[in-house]
Amino acid sequence: MSRQDADDLIVEALKFFKWHSKSTVAFDEYLTLKEAHPMIADTVCFPSAHINHLTPRTLDIYLVQEEMMKQDMPAKERIEGPTRRRCPTLLRRTSFKALEERVQFYASSHASVDGTHTARFGEIGQRGAAATCKGRHIYDRLLSLAMKQAAGKDAAEMPLSSSEFEKILLMSFSSVPDDWSELRQQGLVYFRYQITSKGRQYTHRRSGQLNSRIELEKVDIARTD
């Protein structure tokens, strides 16, 4: 592909996935499809596909959540997934809720009616270490206990704030080690091993010693013959 072909591809792709403010169906048809399922309306009622689900990754999901709140973005009330830890595991995510955007729907062959459609949103994730079967079993059990405790507090008192729910999670997961060595020794998360430069030097020296011994043995055998 030439540079010009690549530039043309980007331009055309942006046209294909851009947001369309005019629907291809009448407003009553849109409402019927939306009642069946919002995703059906999102797929059928517009000229072409559009990007409606952004999934960027981040290294600090708590900072992202704080900044969205500061900017008055319609973010989720709390971050989903494991609580804050020195050794993050599994997936934590948050999102800003779908935007309500103005759309023109057909009313007749020569007229249109204004309406709105809600589709585009963003889901932001921070990935931690992958849990083993043993680690995931512990995580699911402790999360279930935390959710039951939170539900009990919700029923007895005012709805829990995100900070109060975070405290419940911290207490529930306090028995799980938050140290990479302990997590490895207990077989709770997966690790990928890679030899260091120091290890390569050591391996090279040991390999050289072994090769020398092999050569000496070969010489001795030759002399014996």
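What follows is a working chat about a predicted model of one protein chain.

Me: What does the secondary structure of the protein chain come to?
Reply: The model is predicted, and its protein chain has eight helices and six strands. Starting at the N terminus, the order of elements is α-β-α-α-β-α-β-β-β-β-α-α-α-α.

Me: How much of the chain counts as buried?
Reply: 26% of the 225 residues count as buried. The chain exposes about 16,300 Å², and carbon and sulfur atoms supply 56% of that area.

Me: And what share of the contacts comes from residues 24 or more positions apart?
Reply: They account for 58% of the contacts with a separation of 6 or more.

Me: Sheets next. What is the strand order in the open sheet?
Reply: The order is E2-E6-E3, three strands with mixed pairing. E2 and E3 are the edge strands, each with a single partner, so one side of each has no neighbour in the sheet.

Me: Which pairing is parallel and which is antiparallel?
Reply: E2 (residues 53-54) runs parallel to E6 (residues 121-127), over two bridges. E3 (residues 91-96) pairs with E6 in the antiparallel sense, over six bridges.

Me: Do we know what to expect of side chains along a strand, or which way do they point?
Reply: In a regular strand, side chains alternate between the two faces of the sheet.

Me: Switching to cores. Which residues in the largest nonpolar core touch the most other members?
Reply: That core has 17 residues, and those touching the most other members are Ala150, Ile168, Leu169, Phe173, Val176 and Leu183. Helices H5 (133-156) and H6 (162-172) each supply at least two of the core residues. H5 gives the largest share, with four residues.

Me: What does alanine 150 touch?
Reply: Beyond residues up to four places away in sequence, alanine 150 touches Leu160, Phe165 and Ile168.

Me: How many residues are in the second core?
Reply: Nine, in a separate core that includes Val25, Tyr30, Phe46 and Phe105.

Me: Back to H5. Why does leucine 143 count as partly exposed?
Reply: Leucine 143 lies in H5. Its relative accessibility is 23%, and the buried class needs under 20%, so leucine 143 counts as partly exposed. Leaving out neighbours within four places in sequence, leucine 143 is in contact with Leu169 and Phe173.

Me: How far is leucine 143 from threonine 83?
Reply: Their C-alpha atoms are separated by 9.9 Å, and the two residues are 60 apart along the chain.

Me: Where is tyrosine 106, and what is it in contact with?
Reply: Tyrosine 106 is in strand E4 (residues 100-108). Apart from neighbours within four places in sequence, its contacts are Ser23, Thr24, Val25, Ala26, Phe27, Ala111 and Ser112. From tyrosine 106 to phenylalanine 27, the C-alpha distance is 6.3 Å with a sequence separation of 79 residues. Tyrosine 106 is partly exposed, at 48% relative accessible area.

Me: Which residues form the nonpolar patch on the surface?
Reply: Phe16, Phe17, Ile51 and Leu54 do, with about 380 Å² of accessible area together. Phenylalanine 16 sits in helix H1 (residues 3-17) and is partly exposed, with a relative accessible area of 44%.

Me: Last topic, backbone angles. Which residues have a positive phi without being a glycine?
Reply: Aspartate 72 is one, with phi of about 60°, and leucine 90 is another, also with phi of about 60°. For background, most residues other than glycine have a negative phi.

Me: Where are they, and is each buried or exposed?
Reply: Aspartate 72 lies in the loop between helix H4 (61-70) and E3. Leucine 90 is in the loop between H4 and E3 as well. Aspartate 72 is exposed, with a relative accessible area of 69%, whereas leucine 90 is buried, at 16%.

Terms used
Residues numbered from 1 in each chain as written. Predicted model: local features only at pLDDT ≥ 70, side-chain atom pairs only at ≥ 80, totals over all residues. Heavy atoms only, no water. Pairing = 2+ DSSP bridges. Buried < 20%, exposed > 50% of the residue type's maximum accessible area, 1.4 Å probe, protein only. Contact = heavy atoms within 4.5 Å. Core = buried A, V, L, I, M, F, W, Y, C linked by side-chain atoms within 4.5 Å. Patch = residues over 30% accessible without salt bridge, like charges linked within 9 Å, V, L, I, M, F, W, Y side chains within 5 Å. Areas by Shrake-Rupley, 256 points an atom, 1.4 Å probe, with all protein chains shown as cover. Salt bridge = Lys/Arg side-chain N within 4 Å of Asp/Glu carboxyl O.
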